[in-house]
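Please read the briefing below alongside the sequence and the coordinates. It takes up the ligand surroundings, the helix packing and a few individual residues in turn.

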Amino acid sequence: DKLVTPYEQIGGAETLTRLVDTFYDLVAKHPDLAPLFPDDFTEVKERQYQFLTQFLGGPTLYSDKHGHPMLRARHMRFPIGTTQAAAWLSCMSEAMDRIGLKGELRDQFFERLRLTAYHMVNQWETDK
Ligand code: HEM
């Protein structure tokens, strides 16, 4: 039997391209997130597409090009509190709604992203 990965179940490259595009359009408009990002999202969209592809068991696009993800280390130069983690997840949830991703597959994917987002938190918040 051939192993069917979440990457394939979700609809592969086509779905992830739509998800990433929709997600960063929301991030670009979010007051708690936009200031952290460059004006041009081309590169971050590409890297996130590569990362999520391998995160879901698809081809190892990110590691092939950029090495070990070390996501927490790569996020250390940005101040990320629980406010930013929650904002990131709200944009992702909205993006999943907009592309029509639902059901158990969405719930499992989102849960893994929730854990990853809170793992990126590197600032204690005293004002929010
Ligand atoms: C890169 C913010 C969570 C995956 C970035 C960048 C920022 C950022 C500002 C760099 C943009 C640039 O190149 O200038 C955040 C914030 C998060 C968060 C505020 C809130 C918790 C996540 C999560 C994931 C993720 C949960 C994975 C599911 C990535 C990837 C990159 C990236 C793959 C590109 C890394 C690289 O190759 O340098 N993020 N991020 N991020 N983020 Fe996040």
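Helix H3 (42–55), helix H5 (71–75), helix H6 (82–99) and helix H7 (103–119) each contribute at least two residues to the shell around the ligand, where helices are DSSP runs of H or I with at least four residues, numbered from the N terminus. The model is a predicted one, in which local features need pLDDT of at least 70 and side-chain atom pairs count only at pLDDT 80 or more, whereas totals for chains, interfaces and linings use all residues. Residues are numbered from 1 along each chain as its sequence is written.

**Shell around the ligand**

- Of the 21 residues around the ligand, Leu36, Arg47, Phe51, Ala85 and Trp88 come nearest; a residue counts as near if its C-beta atom, placed from the backbone, lies within 6 Å of the molecule.
- H3 provides the largest share of this shell, namely 4 residues.
- The shell divides by class into 14 nonpolar, 5 polar and 2 charged residues, with Ala, Val, Leu, Ile, Met, Phe, Trp, Tyr, Cys and Pro taken as nonpolar, Asp, Glu, Lys and Arg as charged, and the others, Gly among them, as polar.

**Packing of H2 against H6**

- The axes of helix H2 (residues 12–27) and H6 come within 8 Å and cross at roughly 130 degrees, the axes being lines fitted to C-alpha atoms over the stretch in contact and the angles running from 0 to 180 degrees between N-to-C directions.
- That angle makes H2 oblique to H6, since angles under 35 degrees count as roughly parallel, over 145 as roughly antiparallel, 65 to 115 as roughly perpendicular and the rest as oblique.
- The crossing of H2 and H6 is right-handed, a term used if the near helix is turned clockwise from the far one by less than a right angle, with anticlockwise giving left-handed.
- On the H2 side the contact is made by Thr15, Arg18, Leu19, Thr22, Phe23, Leu26 and Val27, and on the H6 side by Cys91, Met92, Glu94, Ala95, Met96, Arg98 and Ile99; two residues are in contact if their C-beta atoms, placed from the backbone, lie within 7 Å.
- The residues of this contact of H2 with H6 comprise 9 nonpolar, 2 polar and 3 charged.

**Packing of H2 against H3**

- The axes of H2 and H3 come within 10 Å and cross at roughly 135 degrees, and the two helices are therefore oblique to each other.
- H2 and H3 cross in a right-handed sense.
- Leu16, Thr17, Val20, Asp21 and Tyr24 in H2 meet Val44, Lys45, Gln48, Tyr49, Leu52 and Thr53 in H3.
- By class, the contact of H2 with H3 holds 6 nonpolar, 3 polar and 2 charged residues.

**Packing of H6 against H7**

- The axes of H6 and H7 come within 9 Å and cross at roughly 160 degrees, which makes H6 roughly antiparallel to H7.
- The crossing in which H6 passes H7 is right-handed.
- From H6, Ala85, Trp88, Leu89, Met92, Ser93 and Met96 meet Arg106, Phe110, Leu113, Arg114, Ala117 and Tyr118 in H7.
- The contact of H6 with H7 consists, by class, of 9 nonpolar, 1 polar and 2 charged residues.

**Individual residues**

- Arg47, which lies in helix H3, counts as partly exposed because it has 17 C-beta neighbours inside 10 Å; on this scale a residue is buried if 20 or more other C-beta atoms lie within 10 Å of its own, exposed if 12 or fewer, and partly exposed in between, with C-beta atoms placed from the backbone.
- Leaving aside residues up to four places away in sequence, Arg47 touches Tyr62 and His66.
- Ala87 lies in helix H6 and is buried, with 20 other C-beta atoms within 10 Å.
- Not counting residues up to four places away in sequence, Ala87 touches His30, Asp32 and Leu33.
- The C-alpha atoms of Ala87 and Ala117 are 30 residues apart along the chain and are separated by 9.8 Å.
- Leu33 has its place in the loop between H2 and H3, and Leu33 is buried, with 20 other C-beta atoms within 10 Å.
- With residues up to four places away in sequence not counted, Leu33 touches Val27, Gln84, Ala87, Trp88 and Cys91.
- Met70 is found in the loop between helix H4 (61–66) and H5, and its phi is near 40 degrees, a positive value in a residue other than glycine.
- Met70 counts as exposed, because there are 10 C-beta neighbours inside 10 Å.
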